[in-house]
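Please open the model in your viewer and keep the selection panel at hand. The stops below are meant to be followed in order.

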Amino acid sequence: MKLRDAPAACPSLWRCLPCPPAELRLDLVLSSGQSFRWWESSPGAWTGVLGGRVWTLRQDGDGLWYTVYGEEDDHEEQRDGCPAKAAKLDTTETDRILRDYFQLDVGLSALYRAWGAADPLFRKVAKDFPGVRVLRQDPVECLFSFICTSNNHISRITAMIERLCQAFGRRLCCLDSRPFHAFPSLSALTAGADAEARLRALGFGYRAKFVSGSARAIAEGLGPEGLCQLRTAPYAEARRVLCALPGVGAKVADCVCLLALDKAEAVPVDTHVWHIARQRYGVALGGKSLTPRAYQEIGDFFRGLWGPRAGWAQAVLFCADLRKGQKPASS
């Protein structure tokens, strides 16, 4: 199949949701380490896997455009570069999936104003980084993606997740000779006795035992449904359950709570955020390292400063810091 990188390519296969840049910036959100399954397939176009389907997204003015690819034969007949027999979409469902993923029912501009009023430092940084919102991801995919993030960086994590999906996930389609795969199911990650060895062969190193161990623990315990039901549990309870899994510490648990389990108050803290809290915000902490107590105190400080969606505000500052030294995003 051919990649469709703009509505001009097969206009009948694209749809548009109203969404101004102040509410969403694809280039900032999809490249800032929240998800590792999106690729800038051409300038301004982002292609990736969501909900077991392959999508291409782009923004034009106040519109969020999208197209979804079917699982047709890679050598299907083409007419003017468009598939002759395009899969019929339930557009109500695809609109819902995208609105849910980007949490578009949450008014971001009002939140930016509230955070800026409470925090002058946020106001100063955020003016160059509009439209940074928190994704709402599948809990299984989010958990195993973030288990891979320890002592790692975005490009390497992205490559690891790609290898994981190719080895254990269902193939969805091929676009311009590039194959796309679904994220592996728990059953795929627990099938056979050699999952850990296969992960090590894929370059997962010590993380291999954490991925396979957590997959077994969930399969034999909560199950994927129970993991998803943590969305309705209190934040502290969800965090406690996650931290009992192999390879899941406070930061990974908070990433999953924020990005998959509807805990908008979760503030993931790494050593970088710890330094920001001390140096820029003057948070007085007892120790000289990121102890569990210091971790909790930093999270509580930002929750007190930014309110019930503190994790969203932190995502803006994290994105800004990730792009430090780069040209500011234009609004």
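The tour goes from a sheet to a loop, then to the cores and a helix pair.

This is a predicted model, in which local features need pLDDT of at least 70 and side-chain atom pairs count only at pLDDT 80 or more, while totals for chains, interfaces and linings use all residues. Residues are numbered from 1 along each chain as its sequence is written, and side-chain values use heavy atoms, with hydrogens and water left out.

Begin with the open sheet of five strands, whose order is β1-β5-β4-β3-β2 with antiparallel pairing; strands are DSSP runs of E with at least two residues, helices are runs of H or I with at least four, both numbered from the N terminus, and two strands pair if DSSP finds at least two bridges between them. Because β1 (15–18) and β2 (38–42) stand at the edges with a single partner strand each, one side of each is left without a neighbour in the sheet. Now select β1 together with β5 (residues 63–69): the two run antiparallel and are joined by four bridges, and R15 has Y66 as its bridge partner in β5.

Next, select L104 in the loop between α2 (91–101) and α3 (108–118). L104 counts as buried because its relative accessibility is 12%, where buried means under 20% relative accessible area, exposed over 50% and partly exposed in between (1.4 Å probe, protein chains only). Leaving aside neighbours within four places in sequence, L104 is in contact (heavy atoms within 4.5 Å) with L17, C19, L64, R99 and R133. The C-alpha atoms of L104 and C19 are separated by 8.1 Å, although the two residues are 85 apart along the chain.

Of its 76 residues, W115, F122, L143, F144, L242, W306 and W312 touch the most other members. A second, separate core of 20 residues includes W55, L57, V68 and L135. Return to F122, whose contacts beyond four places in sequence include W115, Y281, W306 and L317.

Finish with α14 (residues 292–306) and α15 (residues 310–322): which residues meet between α14 and α15? F302, R303 and W306 in α14 meet A310, A313, Q314 and L317 in α15, and the residues of this contact divide into five nonpolar, one polar and one charged, with Ala, Val, Leu, Ile, Met, Phe, Trp, Tyr, Cys and Pro counted as nonpolar, Asp, Glu, Lys and Arg as charged, and the others, Gly among them, as polar.

Terms used
Core = buried A, V, L, I, M, F, W, Y, C linked by side-chain atoms within 4.5 Å.
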